[in-house]
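Here is a short report on one protein chain. Please keep the structure in view while reading.

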Amino acid sequence: MSDRSLRGMRLGAQSMETESGVEPAPRQRVEYRCADGEQVFVTFAAEAEIPPVWVSKTGKEALLVDGEKPVDSNEKPIRTHWDMLLERRTIPELEQILEDRLNILRERRGERRSA
């Protein structure tokens with residue numbers, strides 16, 4: 001008997017409430033433009049702070065249309081592992097270390113070095 005009462009219902013999959021009388025939050029549509037002219041439209045909440053730069057789906061930076069240009073900060077550039085390595089070693093030192101490590105690896109494999 002209980003099988004028949006639930007037939008055709010997807011319990012938990014759908015809400016039984018209707019959307020009548022529900023108002024969505026106020027929104028604003030903002031336009032950004034890339035250097036090559038690509039337009040990007042983004043929807044924000046009405047009270048949201050709008051960022052001056054947006055990264056498009058294609059990976060390019062887009063600037064806010066009719067907005068203030070972002071101020072370049074005087075922050076230090078990000079140092080990579082290679083930058084930090086070059087602060088400790090010179091290129092000839094790194095080449096020598098590489099050669100030494102390759103020789104050790106070749107000896108482990110039983111390879112002869114052809115100089």
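The report below goes from the overall layout to the sheet, the core and the helices.

## Overall layout

This is a predicted model. The protein has 3 helices and 4 strands. Read from the N terminus, the elements follow the order α-β-β-β-β-α-α.

The chain counts 115 residues, and 10% of them are buried.

The 4 strands make an open sheet with antiparallel pairing. Their order across the sheet is β2-β1-β4-β3. Strands β2 (39–45) and β3 (53–55) lie at the edges. Each has a single partner strand, so one side of each has no neighbour in the sheet. On average, neighbouring strands are turned by 40 degrees against each other, direction ignored.

In general, strands of a sheet pair through backbone hydrogen bonds, in a parallel or an antiparallel way.

## Pairing, strand by strand

Start with β1 and β2. These strands pair in the antiparallel sense over 7 bridges. V30 has V42 in β2 as its bridge partner. R29 is bridged to T43 in β2. The two strands form a hairpin, with 4 residues between them. In its turn, G37 has a positive phi of about 95 degrees.

Next come β1 and β4. Strand β1 covers residues 27–34, and strand β4 covers residues 61–64. Their antiparallel pairing runs over 3 bridges. Y32 stands opposite L64 in β4. R33 stands opposite L63 in β4. C34 has A62 in β4 as its bridge partner.

V55 stands opposite E61 in β4. These strands also form a hairpin, here with 5 residues between them. G59 in this turn has a positive phi of about 90 degrees.

## The nonpolar core

Which residues make up the largest nonpolar core? There are 8: V30, Y32, C34, V40, V42, F44, A62 and L64. The elements that supply two or more residues to this core are β1, β2 and β4. In soluble globular proteins, nonpolar side chains tend to be buried together.

Leaving out residues up to four places away in sequence, A62 touches Y32, R33, C34, V40, P52, V53 and W54.

How do helices α2 and α3 cross? Helix α2 spans residues 81–88, and helix α3 spans residues 91–109. Their axes come within 9 Å and cross at roughly 100 degrees. That makes α2 roughly perpendicular to α3, because angles of 65 to 115 degrees count as such.

On the α2 side, the contact residues are W82, L85, L86 and R88. On the α3 side, they are I91, E93 and L94. By class, this contact has 5 nonpolar residues, no polar ones and 2 charged ones.

How values were computed: Residues are numbered from 1 along each chain as its sequence is written. This is a predicted model: local features need pLDDT of at least 70, side-chain atom pairs count only at pLDDT 80 or more; totals for chains, interfaces and linings use all residues. Side-chain values use heavy atoms; hydrogens and water are left out. Axes are lines fitted to C-alpha atoms, for helices over the stretch in contact, and angles run from 0 to 180 degrees between N-to-C directions. Angles under 35 degrees count as roughly parallel, over 145 as roughly antiparallel, 65 to 115 as roughly perpendicular and the rest as oblique. Contact means heavy atoms within 4.5 Å. Ala, Val, Leu, Ile, Met, Phe, Trp, Tyr, Cys and Pro count as nonpolar, Asp, Glu, Lys and Arg as charged, and the others, Gly among them, as polar. Two strands pair if DSSP finds at least two bridges between them. A nonpolar core is a set of buried Ala, Val, Leu, Ile, Met, Phe, Trp, Tyr and Cys residues joined through side-chain atoms within 4.5 Å. Buried means under 20% relative accessible area, exposed over 50%, partly exposed in between (1.4 Å probe, protein chains only).
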